[in-house]
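Welcome! Take a look at the structure before you start.

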Amino acid sequence: MSGFPSVRMRRLRRTPALRSMMFKSRIHPSDFVYPIFVDENARKPVPINSMPECFRMPLNELGEEARKTLEKGVKAVLLFGVPSKKDDLGSAAFAEDGIIQKAVRLLKEEFGDEIVVITDVCLCEYTNHGHCGIIKNGEVDNDLTLEVLGKIAVSHAQAGTDIVAPSSMMDGQVKHIRNALDNAGFKDVAIMGYSAKYASSFYGPFREAAESKPKFGDRKSYQMSYGSQKEALREIELDIMEGADIVMVKPALAYLDIINLAKSRFNVPIAAYNVSGEYAMVKAAAKLGWIDEKAAVLEILTGVKRAGADIIITYFAREVAQWLNQN
Ligand code: PBG
């Protein structure tokens, strides 16, 4: 203990009350967004094999699912559609009677402004090839895709969504969607950009859930490579300039540095997506008795918040909210 006038870090760790006073990053149910898969073919909830306790929901049970979420203090849901028909253009994504358009109308009729409805704007669940854009000459064509993304966003806005979340990683998607929304009279619909979205192995379970695995190739020509940090900051900066109201870093766990840098550099709310593979890892280890699920989940999500996330999208949202409410 030489050099310092008896510094003892353990003084403030002595009692539970002292430790609680020093516990500075706290997660709250209102921090969370709960993702829900809405399946046009389902008649009852379909369990997702690699995501225990998650289901693809039929439209007629969506209201109940949302009610259970709201009751726990989680105010926002992120909707993904699993359509009954796929084609080259992903036309079911912008159909007026598409599954997401119906889902949004249903939730808004039932819950109005009690709920924040966020809709994923992408093509991979809707195209027969499973890519996030329109294919031309064997490649995902950026600008053709923008046109379709604009249509999807406007159709979601017409159904009443609060926030659209473009996730296809096309250049200029936020700007294009902002213009499309404004021109259609939806100036108040917000945009949450999937700004720093990495090409990640942690999306595997989601692709099973949403039936959106690419039929050929991979997503590396549009999603970011995980070896880079500056590129993420540039993506985020561009999305902010293009009009994003919220920016996102995805996945969360392996990208805490990006969340932290984004938080320190930008003044827009930062969302982090604790993705399907991050969920599955915890569930699998807990099932084997190798980790304590509750302790691990609280530690992970608090860590994501401490790193700088203002909003956390997580399949654990309801479970965690329940625990937090019991405290
Ligand atoms: C659609 C999309 C994906 C996820 C969210 N939106 C999958 C992908 O990019 O392949 C992944 C979410 C998760 O893994 O939980 N583009």
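**Exercise 1.** Find out which residues Gly81 touches, not counting residues up to four places away in sequence.

*Solution.* Keep in mind that this is a predicted model.
- Step 1: Once residues up to four places away in sequence are set aside, Gly81 touches Val38, Ile99, Ile100, Glu125 and Tyr126.
- Step 2: To place Gly81 in the fold, look at strand β4 (residues 76-82), where Gly81 sits.
- Step 3: Is Gly81 buried or exposed? Its relative accessible area is 1%. Buried means under 20%, so Gly81 is buried.
- Step 4: For a sense of scale, pick Lys197: it lies 116 residues from Gly81 in sequence, and the two are 20 Å apart in space, C-alpha to C-alpha.

**Exercise 2.** Work out which residues touch the most other members of the largest nonpolar core.

- Step 1: In soluble globular proteins, nonpolar side chains tend to be buried together.
- Step 2: The largest nonpolar core here has 106 residues, and Leu79 and Leu181 touch the most other members.
- Step 3: Helix α4 (residues 142-159) supplies the largest share of this core, with eight residues.
- Step 4: Now zoom in on Leu79. Leaving aside neighbours within four places in sequence, Leu79 has contacts that include Ile36, Val38, Ile100, Val104, Leu107 and Asp120.

**Exercise 3.** Describe how helix α9 (residues 276-287) packs with helix α10 (residues 293-307).

*Solution.* Start with the axes.
- Step 1: The two axes come within 10 Å and cross at roughly 155°.
- Step 2: Angles over 145 degrees count as roughly antiparallel, so α9 is roughly antiparallel to α10.
- Step 3: The crossing of α9 past α10 is right-handed.
- Step 4: On the α9 side, Val282, Lys283 and Ala286 take part, and they meet Glu293, Val297 and Ile300 of α10.
- Step 5: Sorted by type, the residues of this contact of α9 with α10 are four nonpolar, no polar and two charged.

**Exercise 4.** Do likewise for helix α7 (residues 230-242) and helix α8 (residues 256-265).

- Step 1: The axes of α7 and α8 are 10 Å apart, and the packing angle is about 45°.
- Step 2: That angle makes α7 oblique to α8.
- Step 3: α7 passes α8 in a crossing that is right-handed.
- Step 4: Ala232, Leu233 and Ile236 of α7 meet Ile258, Leu261, Ala262 and Arg265 of α8.
- Step 5: The residues of the contact of α7 with α8 comprise six nonpolar, no polar and one charged.

Key: Residues numbered from 1 in each chain as written. Predicted model: local features only at pLDDT ≥ 70, side-chain atom pairs only at ≥ 80, totals over all residues. Heavy atoms only, no water. Axes fitted to C-alpha atoms, helices over the stretch in contact; angles between N-to-C directions. Helix = DSSP H or I, 4+ residues; strand = E, 2+ residues; numbered from the N terminus. Parallel < 35°, antiparallel > 145°, perpendicular 65-115°, else oblique. Left-handed = near helix turned anticlockwise from the far one by under 90°. Contact = heavy atoms within 4.5 Å. Nonpolar A, V, L, I, M, F, W, Y, C, P; charged D, E, K, R; others polar. Core = buried A, V, L, I, M, F, W, Y, C linked by side-chain atoms within 4.5 Å. Buried < 20%, exposed > 50% of the residue type's maximum accessible area, 1.4 Å probe, protein only.
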